[in-house]
Amino acid sequence: MTLDIKVPSIGVEGAMEVIEICISVGEDVEQDDSIVVLESDKTTVEVPCPEAGRIKSIGVKVGDKVLEGASILMLEPLNTNLDKKKKNEPESIIAESEIKKSVSPSTKSSIEKALKEVQIPDLGGSEQVEVIEISVSENQEVSEDDTLIVLESDKTTMEIPSPYSGLLTSLKVKLGDKVSAGDAVATILSSKKIEPTANDEVVSVQEGLIKEVSVSQTEQTTSQSMEQKQSSVSLSINVHAGPAVRKLARELGADLSKVAAKGPKGRILKEDLNDYIKQQVTLAQGGGESRHASDALPIVNLPDFSVFGDVERVSMDKVQRLTATNMQTSWLTVPHVTQFDEADITEMEAFRKKQKKAADSKDIKLTPMAFLLKACGYALNQLPQFNVSIDMQAGQLFQKKYIHIGIAVDTPNGLVVPVIRDVNTKNLWELAEECQTLAARARDRKLLPSDMQGGCFTISSLGGLGGTAFTPIVNTPEVAILGVSKAQYKPVYEVETNGFIPKLMLPLSLSYDHRAVNGADAARFTSLLSDLLGDLKGLLL
Ligand code: CAO
């Protein structure tokens with residue numbers, strides 16, 4: 001039995017030229033090995049072999065112009081378990097339309113398919129955001145909410161999920177592209193399961209919408225295995241390079257979309273890749289891109305660490321680089337002072353524990369964070385000198401009339417600070433829920449730039465982790481940040497009883513910009529926080 005391997009659906013209009021044949025007759029190939037490389041005006045496509053087998057004959061030669069569905073080669077599969085109806089007839093590995101022909105009246109359910117375009121959602125005003133990761137490839141089956149691409153702005157990385165399940169027929173972006181809301185990301189032939197109706201035997205093809213009746217059991221197995229083959233065909237389009245160059249780039253971890261092509265029709269040659277690698281090594285030795293972002297900051301000359309032992313250079317991602325630059329900028333421009341204090345949260349903790357049942361029923365985790373947000377919202381209202389930003393050039397302060405508080409969230413991709421808006425207008429449950437949702441979205445890389453904008457003050461809680469105190473760095477242009485460490489029971493002397501009683505004490509570390517805030521105000525701020533957290537009536541009323 002032989003399989004007729006044909007040009008798959010590539011999403012390119014018109015004929016493509018065969019520019020490379022990667023196999024020869026008699027050769028054994030693995031599934032996904034490149035068999036030919038096709039080229040159109042706009043793109044180069046490697047066609048992978050849909051399954052392992054031996055090449056029996058090749059039907060194309062270099063320079064041929066081929067259309068979707070044209071025969072490329074005959075393959076004798078190594079795995080001959082395919083369900084065949086006519087054993088002697090060549091099996092065709094290609095078209096979804098052929099799969100659809102397997103229609104049986106004994107249908108149980110149907111699948112509605114429609115070609116949908118996925119667009120970049122509202123990015124909270126950010127524009128020209130860079131595509132840093134492509135998580136899917138063309139001809140791949142995707143499920144709703146699967147990540148399609150990852151974007152990186154100045155403030156965060158965010159995943160763009162698929163709104164549909166189905167076959168990804170074309171990808172409209174490539175690594176390094178800059179995208180804005182409304183730009184096309186991909187088209188998906190979405191599949192929606194429809195419950196059976198009396199007319200399910202009808203196969204109707206309308207404008208862009210195919211109603212497909214699902215197949216009977218045996219035929220379904222065949223269709224599925226063929227569909228799986230289709231989905232395993234991943235085409236690396238968009239970059240103009242042959243298989244050898246692509247293989248080398250994969251081995252070197254090089255992003256071909258960044259390589260300047262000098263070959264014919266903008267094709268990337270091996271020499272181009274070598275030049276690019278040399279350039280990257282030179283840049284890395286001189287500090288590279290990370291130096292560019294922080295040009296104005298002093299540079300520390302590094303010793304040759306390899307003299308002391310084995311080392312490896314690891315690139316910092318954009319969030320890490322920006323966090324590092326922001327921290328250094330803040331550290332160098334803001335005259336920092338940190339005020340330490342403690343709050344007796346014994347009563348607060350008892351109250352919090354009492355709410356456990358109610359919290360569980362609302363599916364909200366009520367941690368000390370909600371109380372801290374509430375207390376800080378109140379304190380910022382009472383002491384508005386903490387709710388400013390400084391314009392040194394103009395010699396002015398911006399006094400903010402709103403109270404938006406950022407929460408530092410530790411994520412696998414680095415530190416991010418989503419912002420809870422109008423904290424002073426929200427109750428404990430609302431604050432706890434919003435904190436939980438934002439922290440989860442931060443960890444899932446689902447935050448939008450707008451989620452991280454507009455903060456007036458930041459809370460950085462390491463209370464769940466430990467420590468007795470720390471000196472957080474002000475998240476400039478804010479002028480203060482509250483660091484919170486782990487609450488501990490301590491013996492506190494009580495004058496009335498002349499004895500020591502155990503109290504749960506919460507350590508507070510308030511770092512502030514001494515240009516905007518003076519020490520007395522800082523002491524007032526932490527004392528007020530301590531009073532509020534120590535007396536729930538004051539906090540909740
Ligand atoms: N003292 C004692 N226990 C505390 C506490 C404190 N100050 N704060 C929180 N806890 C407890 C919580 O109650 C919870 O315990 P239970 O499940 O028994 O109630 C546990 O610690 C874990 O809490 P959490 O960390 O999941 O939740 P949170 O609301 O306190 O904090 C968040 C949420 C997002 C702020 C936190 O998870 C986080 O990422 N913190 C790191 C912030 C950071 O990295 N800061 C440094 C920035 S500068 O480098």
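The paragraphs below go from the confidence of the model to its surface and then to its backbone.

This is a predicted model, in which local features need pLDDT of at least 70 and side-chain atom pairs count only at pLDDT 80 or more, while totals for chains, interfaces and linings use all residues. Residues are numbered from 1 along each chain as its sequence is written, and side-chain values use heavy atoms, with hydrogens and water left out.

The chain has an average pLDDT (the predictor's confidence in each residue, from 0 to 100) of 80, and 79% of the residues score at least 70. Over residues 194–237 the pLDDT stays under 50, and the model has 98 contacts beyond four places in sequence for them, a contact being heavy atoms within 4.5 Å. Residues 286–293 also have pLDDT under 50, with 6 such contacts. Where pLDDT is low, the predicted coordinates should not be read in detail.

Leu302 lies in the loop between α5 (288–293) and α6 (318–333), where helices (H or I, at least four residues) and strands (E, at least two) are DSSP runs, numbered from the N terminus. Leu302 is exposed, with a relative accessible area of 60%; buried means under 20%, exposed over 50% and partly exposed in between (1.4 Å probe, protein chains only). By contrast, Cys376 is buried at 0% relative accessibility, and Cys456 is buried at 0%.

Turning to the backbone, a cis peptide bond with omega of about 15 degrees joins Thr476 and Pro477, and Pro477 sits in the loop between β27 (457–461) and β28 (480–484). Asp145, although not a glycine, has a positive phi of about 80 degrees, and Asp145 is exposed at 55% relative accessibility.
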